[in-house]
Amino acid sequence: MSDSNQSLPPYSENSAMVEEMVRSFAAKHIRPHVMEWDEAQFFPVELFKQMGELGLMGVLVPAAYGGSGFGYQEYVSVIVEVARVCGSIGLSLAAHNSLCTGHILTFGNEEQKSRWLPKLASAEWIGAWGLTEANTGSDALGMSTTAFLDGDDYVINGTKNWITHGKSGDIVVVMVRTGEKGRSDGITALVVEKGTPGFTHGKKENKLGMRASETTELIFDNCRVPRKNILGMEGEGFKQAMKVLDGGRISIAALALGIAKGAFDAAVAYSKERHQFGKPIASYQGISFKLADMATDIEAAELMIRKAADLKNQGRPVTKNSSMAKYFASEVAVRCATEAVQIFGGYGYTKEFPVEKFYRDAKLCTIGEGTSEIQKLVIAREILK
Ligand SMILES: Cc1cc2nc3c(=O)[nH]c(=O)nc-3n(C[C@H](O)[C@H](O)[C@H](O)COP(=O)(O)OP(=O)(O)OC[C@H]3O[C@@H](n4cnc5c(N)ncnc54)[C@H](O)[C@@H]3O)c2cc1C
């Protein structure tokens, strides 16, 4: 069995149907533009509107708020099928669904959910989520962006870095310091809508991979947002962010799995077609053993991701399993993409074939939403507590 589609059974009643729908959408609307968007660093807003019509921008949002009302298994299938065609679009979908939308869905009150979720689920609005700053990535608690209450408004000052959809996003959930620096109860989550005075975006990053996923700075200069835009209570923002990342890491693991599958499928096909010394290169053990390792890695990553998705669906503790899935799958993506380039030889080093892009995109998975080192820290902490 050479096709990574067929390795495992469907994980929910709907996941096979969702996979099929997303696969055909991606083949028609994403695949033809992948390299053009990558080279131009073009973030295709219109594509996200189309994905909104299909329900892909509110996968986990209940139907009552205009979403698809699916669980994590279907969500994993969506991200995998998009990422096996284009990692950038997979990353942006994951950031929109898990981070911005996921934060409001999990911690918003009824009025906030009714106000924002239908817009996010339909893709009328694209969502962003701001935790990271220039000097505080892994160590997010040290953030410098502050907010203080002035009458009925919070006044925000500071800069967030590396924010997916920082420019094209219509709404951002931003973590700000409202208390003592370094204390987990000193962080608060606020919602800021585009067009709010004092809120702008800064420079756009010129990236190695994931180039069609927009990444920019967010700048807050005496930006006033109404007090009612707070998610939960003052001081709860850090704990909320860590919970949001528990779900987000499952989506980054799925993103990595999609990239690994895309690279694997390309490598299998090429190794059967490419002849050297009078035989297909797949007939040499040096190549076929690479494929065997890739297939084994992919199967193991998928099992870990599906287990984490299952725990998340059941509302059981998932911190350790989502970190394990994210850590393992992202390293698998890097290994599979590296081997795929090797199997393509010189052609793999060109932009004529898709594997060089998988190779560049895969690396992000070991960095975004917590690096591999930070995942090990989380896993160790969970084991030893
Ligand atoms: C394309 C892209 C999109 C992103 N999108 C978003 C977004 O939408 N919103 C958002 O808030 N952030 C976003 N990020 C930020 C991302 O989450 C951070 O880059 C990531 O958390 C790492 O932080 P850092 O880059 O500051 O690295 P650093 O924290 O400076 O880490 C540098 C190195 O030191 C290691 N390290 C740090 N601390 C330890 C430790 N205690 N033990 C061992 N090793 C350690 C790290 O593993 C890494 O190898 C994005 C990043 C990228 C590249």
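Guide: To begin with the largest cavity, its lining has five nonpolar, three polar and one charged residues. Here Ala, Val, Leu, Ile, Met, Phe, Trp, Tyr, Cys and Pro count as nonpolar, Asp, Glu, Lys and Arg as charged, and the others, Gly among them, as polar. This is a predicted model: local features need pLDDT of at least 70, side-chain atom pairs count only at pLDDT 80 or more, and totals for chains, interfaces and linings use all residues. Residues are numbered from 1 along each chain as its sequence is written, and side-chain values use heavy atoms, with hydrogens and water left out.

Visitor: Which residues line the largest cavity?

Guide: The lining consists of Ala128, His165, Gly166, Gly169, Asp170, Ile171, Val172, Phe199 and Leu218. On a 1 Å grid over the protein atoms alone, a cavity is a set of points where a 1.4 Å probe fits but cannot get out, a pocket is an open set with protein on both sides within 12 Å along at least five of seven lines, and lining residues have an atom within 4 Å of a point.

Visitor: What volume does the largest cavity have?

Guide: About 30 Å³, where a volume is the space filled by probe spheres set on the points, joined across faces, edges and corners.

Visitor: And the largest pocket, how much space lies in it?

Guide: About 1200 Å³. Its lining comprises 43 residues, and Thr132, Ile367, Gly368, Glu369 and Gly370 lie nearest the centre.

Visitor: Which element gives the most to that lining?

Guide: α7 does, with eight residues. Helices (H or I, at least four residues) and strands (E, at least two) are DSSP runs, numbered from the N terminus.

Visitor: Where is the ligand, then?

Guide: The ligand takes up the space of the largest pocket; a molecule sits in a pocket if more than half of its atoms lie within 2 Å of its grid points.

Visitor: Which side-chain atom lies 2.7 Å from an oxygen atom of the ligand?

Guide: An N or O atom of glutamate 373; such a polar contact is a pair of N or O atoms within 3.5 Å. From the backbone, a polar atom of leucine 131 is 2.8 Å from a ligand oxygen, and an N or O atom of tryptophan 129 is 2.9 Å from a ligand nitrogen.

Definitions and conventions: Polar contact = N/O pair within 3.5 Å; in protein donor to acceptor, adjacent residues only side chain to side chain.
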